[in-house]
Amino acid sequence: MQIAALYDIHGNLPALNAVLRQLEEIQPDLIVVGGDIVSGPLPGKTLERLAAYGDRVRYIRGNNDREVVMAFDGVPLPDKMSPRARQEVQWEAGQLTSFQRDFLAQLPEQFVMSGIDSGEILFCHATPNSDEEIFTPLSSHQRLTTIFGATEQKLVVCGHTHLQFELQVGDVRIVNAGSVGMPFADTPGACWLMLSPDGYEFRRTTYDLEAAAHEIRAGGHPHAQEFVEDNVLTVPTVAQAQELLQRLEMMG
């Protein structure tokens, strides 16, 4: 059985389309979309594209998906959210239909499945305990044990921090799928994960960045140009990401 794990698409439809074209050649048995689907420049169209795959896709909800639903419903957003982030979330919520809002609202926080090497896999957005908790390969052993010490599954697939990495905590293997739409990587592209009975493999799909930039700019997102510059044409490097994530982990 082959499973493609696509995390943190963030409304980057051109990046998603590139990965889906590659998956049409691979024909995995299942696609798992690991949350933070719509928080980005082309949210409604991104959901429409995934909907065409029907039951070939299983979804979990990310923290940004949760916040977009809150904005759609007129629920006050978290106090810690910056004015810029509030503007983006409100715009993204305005791009969704009521049906799409309802779809996001009912998504589970986790998904557990068996079928690869006779073991269960836990798919979660950030950690088994939270949809926004941050950890990195440089997190302390004590912190990692606190987060994953009670996990029953031996393999955990997560995202949220947009950085591909793998860790071993006791008997638990943790694999971060990276981000399709807003990757932290040394080279631009769409990052994702392939799982099979042989193990797992980090993947990066290249796509036409200039064409993607044009499509994103035309979508009307209030900060489309910044998204293009920071997440498409160039992306934060692994070293930059590690520094940023360590600061956020300490603040959390």
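Helix H4 contributes the most to the lining of the largest pocket, supplying five residues. The structure is a predicted model, in which local features need pLDDT of at least 70 and side-chain atom pairs count only at pLDDT 80 or more, while totals for chains, interfaces and linings use all residues. Residues are numbered from 1 along each chain as its sequence is written, and side-chain values use heavy atoms, with hydrogens and water left out.

**The largest pocket**
- The largest pocket holds about 1,300 Å³ of space, and of the 34 residues that line it, His10, Asn63, Asn64, Ala85 and Leu248 are the closest to its centre.
- A pocket is an open set of points on a 1 Å grid over the protein atoms alone, where a 1.4 Å probe fits, with protein on both sides within 12 Å along at least five of seven lines, and lining residues have an atom within 4 Å of a point.
- Helices H3 (63-73), H4 (83-94), H8 (224-231) and H9 (238-251) each give at least two residues to this lining.

**The chain as a whole**
- The chain contains nine helices and ten strands, which are DSSP runs numbered from the N terminus (helices H or I, at least four residues; strands E, at least two).
- Its radius of gyration, taken over C-alpha atoms, is 17 Å, close to the 18 Å that the globule rule (2.2 Å times the number of residues to the power 0.38) gives for 252 residues, so the chain is as compact as a globular protein of that length.
- Of the 252 residues, 54% count as buried, meaning under 20% relative accessible area with a 1.4 Å probe and protein chains only.

How values were computed:
Points joined across faces, edges and corners; volume = space filled by probe spheres on them. Buried < 20%, exposed > 50% of the residue type's maximum accessible area, 1.4 Å probe, protein only.
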